[in-house]
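Hello,

Here is the structure I promised to pass on. My notes follow below.

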Amino acid sequence: MELDQAIRTRRSERHFSDEPVPREVVEALIAEASWAPSAGNRQPWRVAALEPGAARPLVDALEPKAWEILYPTLREVIARDPGVLGQQLSGRELTDATLSFVAREIYLKGAPWLLVIHFPRPSALERGKVIATTAALLPHRVATRRSVREKIELALFMAQHANVAMRTDFLADVGSVAGFMYGLTLAAAARGVASCVQYSWALVADEVRATLGLPAGDEVLGAIALGWPDPNADKALAGRVSARKPVAVTWYGADGAHEPGPVRPE
Ligand SMILES: Cc1cc2nc3c(=O)[nH]c(=O)nc-3n(C[C@H](O)[C@H](O)[C@H](O)COP(=O)(O)O)c2cc1C
């Protein structure tokens, strides 16, 4: 399958066939996803690959929390914009729609693999390295400033920079891992494997870490469910739910002028 076709036809599938995807295929998808770009080429992604059925304890942990957290939020979203489900809803229909929407988020129907995606938060050692580098550079940089005031300003700026660097490193790692996840879903789509990125597992990050024995300092960004597509899934509904909005783009010219020019999905 061509890349543009994989990009356009990939949809989040929550229902899978009962035939499991072989482990070799899952390995191939992970290997392909690892070509994603990453900040500083740190490749921070880590994968806990749960074969079909192995996620049962996690599903049990997620279920009560997901209802508690997702239900009120989703009900409000659907009530405010009933069109979000592709149809106008009211009263009882709204409740039913929200219930089934939340249920879809929690249950993985069929025989999916669950790839839990986690990454290490910067360790005390790495934080120490940033602070030590800043401290080592400080006398040299401060010496380049003449007045005491400028020296103090620069010292303050550098101290602050150490903080900012640590925060942006974290954001960059989130971005890197998100790229890895999207790449994996595209590699899956290209092979006819259905997938769904599920942030909801982050709601039970503590339970996920404890059940899978992940390092306590690791961030759980979510999981990707993988399986063969359920031939009986309602494709029309999936298409309506994942409609695309125009992308808000502002175009900046070399002359300094800028203007909005949204890009519409084809
Ligand atoms: C970061 C992220 C988190 C998501 N979390 C969930 C989730 O918890 N449960 C779920 O069923 N779908 C989840 N999705 C899938 C989105 O609902 C889906 O991508 C979106 O509705 C667009 O539909 P499409 O992927 O079929 O084009 C998530 C997607 C992303 C990128």
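In what order do the four strands of the open sheet run? The order is β1-β2-β4-β3, with antiparallel pairing. Strands pair here if DSSP finds at least two bridges between them. Strands (E, at least two residues) and helices (H or I, at least four residues) are DSSP runs, numbered from the N terminus. The edge strands are β1 and β3 (194-198), each of which pairs on one side only. From one strand to the next, the twist averages 25°.

Before the rest, the basis. This is a predicted model, in which local features need pLDDT of at least 70 and side-chain atom pairs count only at pLDDT 80 or more, while totals for chains, interfaces and linings use all residues. Residues are numbered from 1 along each chain as its sequence is written.

β1 and β2 (residues 113-120) run antiparallel and are joined by five bridges. In this pair, Arg 46 stands opposite His 118 in β2.

Helix α7 (residues 205-212) lies across β1, β2 and β4 (218-227), at about 80° to β4. Axes are lines fitted to C-alpha atoms, for helices over the stretch in contact, and angles run from 0 to 180 degrees between N-to-C directions. α7 also packs with helix α3 (residues 56-80), at an angle of about 160° and with the axes 10 Å apart. That makes α3 roughly antiparallel to α7 (an angle over 145 degrees). The crossing of α3 and α7 is right-handed, that is, the near helix is turned clockwise from the far one by less than a right angle. Pro 57, Leu 58 and Ala 61 in α3 meet Glu 207, Val 208 and Thr 211 in α7, contact being C-beta atoms, placed from the backbone, within 7 Å.

In α2 (23-33), the buried residues are Val 26, Leu 29 and Ala 33. They cover an arc of only 60° around the axis, so they sit on the same side of α2; the arc is that of the directions from the helix axis to the C-beta atoms. Glu 24, Glu 27 and Ala 31 are exposed, on the face of α2 turned away from its buried side. Buried means 20 or more other C-beta atoms within 10 Å of the residue's own, exposed 12 or fewer, and partly exposed in between.

Two residues in the loop between α2 and β1 (46-50) may deserve a look: Asn 41 and Gln 43. Phi is near 50° in Asn 41 and near 45° in Gln 43, whereas most residues other than glycine have a negative phi. Asn 41 is exposed, with 7 other C-beta atoms within 10 Å. Gln 43 is partly exposed, with 17.

Regards

Definitions and conventions. Two residues are in contact if their C-beta atoms, placed from the backbone, lie within 7 Å. Angles under 35 degrees count as roughly parallel, over 145 as roughly antiparallel, 65 to 115 as roughly perpendicular and the rest as oblique.
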